[in-house]
Amino acid sequence: MLGGDRVTILGIETSCDETACAVVRDGREVLSSVVYTQIPLHQPYGGVVPEVASRAHIEKITGVVAEAMKGIGKIDAVAVTYGPGLASSLLVGLNAAKGLSLALGVPLIGVNHIEAHLHTPFLFDTGSTGAPDTGGSRSCATVLAPESSMPALGLAVSGGHTTWMDMPAYGEYRIIGQTLDDAAGEAFDKAAKLLGLGYPGGPVIDRWAKGFWNGATDFSNAAALKSLSYPVNIRLTDGMPRFPKGHPRAGTAALAGLDADMCVSFSGLKTALLYHVRRQPPANEAEKAGLVAAYQEAIVGTLADRTATALKRRRYKALIVGGGVSLNGRLRARLAEVAAAADVPLLLAAPKYCGDNAAMIAGLAYWRRNVSGDVALSIDVEPTLQPGDA
Ligand code: KG4
Ligand code: ZN
């Protein structure tokens, strides 16, 4: 942890398709957070195009940093995502951060993007109370601070990652489970592409599924579908496809020493959807909505099962969930049930901090060792960095 009473850190995030900069005080209080999303640039391709992403980062980074710095006084350190992510995107943020650290004469702190996602429930906007979202589950004053929430079970679910981690102490991460192939967000995105629902797929599938369970007939009104909430008890009905659970077999080499009961595999799910659509193309929007609702139940159910297993194996003080997929309404509800059954508080980020942002980078940096001088200037990007790696 950096010394001093009030530590103000500027963070930069460019690991994928968001150019972001934020200023966070004492690891949790967000003074500013600017996110420029490139989604419209990648939409025509149905996914992120690395060359398009890095060029857009170069174009936007200075403006995004200038906006985040408006009205901010002294900065004590500069933090930056150095992995995992797209090398050509990470390089833009890392070089901007090195330049700022040199120009301002302050240390540079390299931050792991996945670990940072798990910091998001602890962020609060300046002037607000600082209470994290507990997804409707029991909130507990003693777990509001990161250190007193340990040991915790962490789940990072995004477009690139689906990883369960043991967090024995704040800033320590040990992978206990993960996807062997596609990430949960990727499973949503690929299904939406297959069904012609656009990119990114997670938000649109979430909306359509909500509409389906509420008996909607018009799926074109995104705002109306978004405002719906999921019914409490959802059961697949007759006629809805039953997708396979993403449970890998024990003994598979891809487990790399991890327990099969804590790992998932989503690539078979996508293939099952493809075969189903070929065999029985949805005749109308309502049928398509039923299909994505069943598909979403398979993903969410698998994530909830694995989380419940981990919570049974060890006594944790909190379940911490972060990443773009944690915006999913059905996942939030299922995780709240699982946490309640284990009598563990669930800590979720506010919606604006679920997806990629720089507040999580500037925030977690408060707990990370900083490097300065020549060592900082020689930090390189680590596209395959794992949680717990130095
Ligand atoms: O954390 P994030 O912004 O970027 C990565 O680090 O990957 O996550 C993006 C992913 C995308 O795959 C997107 O489809 C998914 O998060 N996502 C959702 C929802 N909103 C975003 N998935 C399911 N339901 C949602 N509501
Ligand atoms: Zn992310």
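In what order do the strands of the open sheet of 5 strands run, and with what pairing? The order is E9-E8-E7-E10-E11, and the pairing is mixed. Here strands (E, at least two residues) and helices (H or I, at least four) are DSSP runs, numbered from the N terminus, and two strands pair if DSSP finds at least two bridges between them. Strand E9 (174–178) and strand E11 (346–348) sit at the edges with a single partner strand each, so one side of each has no neighbour in the sheet. Going from one strand to the next, the twist averages 25°.

A word on the ground rules: this is a predicted model, where local features need pLDDT of at least 70 and side-chain atom pairs count only at pLDDT 80 or more, while totals for chains, interfaces and linings use all residues. Residues are numbered from 1 along each chain as its sequence is written, chains are lettered from A and ligands numbered from 1 in the order in which they are written, and side-chain values use heavy atoms, with hydrogens and water left out.

Back to the sheet with E9 at its edge. Strand E8 (residues 162–167) pairs with E9 in the antiparallel sense, over 4 bridges, and Thr163 faces Gln178 of E9. Helix H9 (residues 285–313) lies across strand E7 (152–157), E8, E9 and strand E10 (318–322), at about 165° to E7. Helix H10 (residues 329–342) lies across E7, E10 and E11, and runs at about 155° to E11. For such angles, axes are lines fitted to C-alpha atoms (for helices over the stretch in contact), and values run from 0 to 180 degrees between N-to-C directions.

The other open sheet to describe has 6 strands in the order E5-E4-E1-E2-E3-E6, again with mixed pairing. Strand E5 (108–112) and E6 are the edge strands with a single partner each, so one side of each is left without a neighbour in the sheet. E3 and E6 run parallel and are joined by 2 bridges; Glu29 has Phe124 in E6 as its bridge partner. Helix H2 (residues 50–69) packs on this sheet, touching strand E1 (8–13), E2 and E3, and its direction makes about 25° with that of E2. H3, for its part, lies across E1, E4 and E5 at about 160° to E4.

Now for the ligand. A residue counts as near when one of its heavy atoms lies within 4 Å, and 20 residues surround ligand 1, the closest being Gly159, Asp189, Asp206, Gly324 and Asn328. By class, the shell has 5 nonpolar, 12 polar and 3 charged residues; Ala, Val, Leu, Ile, Met, Phe, Trp, Tyr, Cys and Pro count as nonpolar, Asp, Glu, Lys and Arg as charged, and the others, Gly among them, as polar. Helix H4 (113–117), helix H5 (184–194) and helix H6 (201–213) supply at least two shell residues each, and H6 gives the largest share, 4 residues.

On the level of atoms, an N or O atom in the Asp206 side chain is 2.9 Å from a nitrogen atom of ligand 1. Gly324 places a backbone N or O atom 2.9 Å from a ligand 1 oxygen atom, and Asn328 has a polar side-chain atom 3.0 Å from a nitrogen atom of ligand 1. Ligand 1 on its own exposes 550 Å², of which the protein buries 88% (Shrake-Rupley areas with a 1.4 Å probe).

Most residues other than glycine have a negative phi, and most peptide bonds are trans. Gly83 and Pro84 are joined by a cis peptide bond with omega about -10°; Pro84 is in the loop between strand E4 (77–83) and helix H3 (87–104). Another cis bond runs from Met150 to Pro151, with omega near 0°, and Pro151 is in the loop between strand E6 (124–125) and E7. Asp26, in the loop between strand E2 (18–25) and strand E3 (29–37), has a positive phi near 50°.

Technical notes
Contact means heavy atoms within 4.5 Å. A polar contact is a pair of N or O atoms within 3.5 Å; within protein, one must be able to donate a hydrogen and the other to accept it, and residues adjacent in sequence count only if both atoms are side-chain atoms.
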